[in-house]
Amino acid sequence: MQSPAATAEGFSGPLFETYTLPTFKFQPRRESIDWRRINALDVDRVAQELDVATLQENIAGVTFCNLNQEVCSRCGQPVDPVLLKVLRLAQLIIEYLLHCQDCLSARVAQLEARLQASLGQQQRG
């Protein structure tokens with residue numbers, strides 16, 4: 001069986017026919033980060049226990065927060081620009097992956113509906 005080919009425009013292959021990904025645009029970062037909430041997290045525990053629920057609870061707050069005006073709580077200096085760049089890149093990656101997850105979930109629902117219609121048609125015919 002041939003694997004689907006992922007392109008910038010979408011997927012192509014026997015299962016996908018011609019499936020075009022919906023238009024994607026990065027959202028502006030407007031929210032303040034909830035430092036108390038972040039400070040209360042035990043990231044090692046989350047990783048060790050595979051606590052996906054905690055990740056889901058925090059994904060929007062981390063992905064869509066604006067870090068540009070953040071300063072160090074100890075010295076009052078702006079956050080290291082290289083660290084900010086890494087965090088911003090991680091935010092963009094997470095946002096794009098959320099978009100892909102939504103697109104793939106919608107596509108799975110479409111394919112399931114087509115399968116059910118085909119099975120119904122096959123049973124009638």
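**Contacts and labels**

Modeller: Let's start with T54 and D51, whose side chains are joined by a polar contact of 2.5 Å.

Colleague: What makes the pair T54 and D51 a polar contact?

Modeller: A polar contact is a pair of N or O atoms within 3.5 Å; within protein, one must be able to donate a hydrogen and the other to accept it, and residues adjacent in sequence count only if both atoms are side-chain atoms. The 2.5 Å between T54 and D51 is within 3.5 Å, so the label applies. This is a predicted model, where local features need pLDDT of at least 70, side-chain atom pairs count only at pLDDT 80 or more, and totals for chains, interfaces and linings use all residues. Residues are numbered from 1 along each chain as its sequence is written, and side-chain values use heavy atoms, with hydrogens and water left out.

Colleague: Why is T54 called buried?

Modeller: Buried means under 20% relative accessible area, exposed over 50%, and partly exposed in between (1.4 Å probe, protein chains only). T54 has 11%, so T54 is buried. T54 sits in helix α3 (residues 52–63), and D51 is buried too, at 15%.

Colleague: And why is R45 called partly exposed?

Modeller: Its relative accessibility is 27%, which lies between 20% and 50%, so R45 counts as partly exposed.

Colleague: How do you know that R45 forms a salt bridge with D51?

Modeller: A salt bridge needs a side-chain nitrogen of Lys or Arg within 4 Å of a carboxyl oxygen of Asp or Glu. For R45 and D51 the closest N and O atoms are 3.0 Å apart, and for R45 and E49 they are 2.9 Å apart. Both distances are within 4 Å, so both pairs are salt bridges. Together, R45, E49 and D51 are linked in a network.

Colleague: How many salt bridges are there by this rule?

Modeller: The count comes to three. One of them joins the side chains of E95 and R29, at 2.7 Å from N to O. E95 is in helix α4 and R29 in the loop between β3 (17–20) and α1 (35–40), 66 residues apart, so this pair links distant parts of the chain.

Colleague: Are E95 and R29 buried or exposed?

Modeller: E95 is buried, with a relative accessible area of 4%, and R29 is buried, with 11%.

Conventions:
Helix = DSSP H or I, 4+ residues; strand = E, 2+ residues; numbered from the N terminus.
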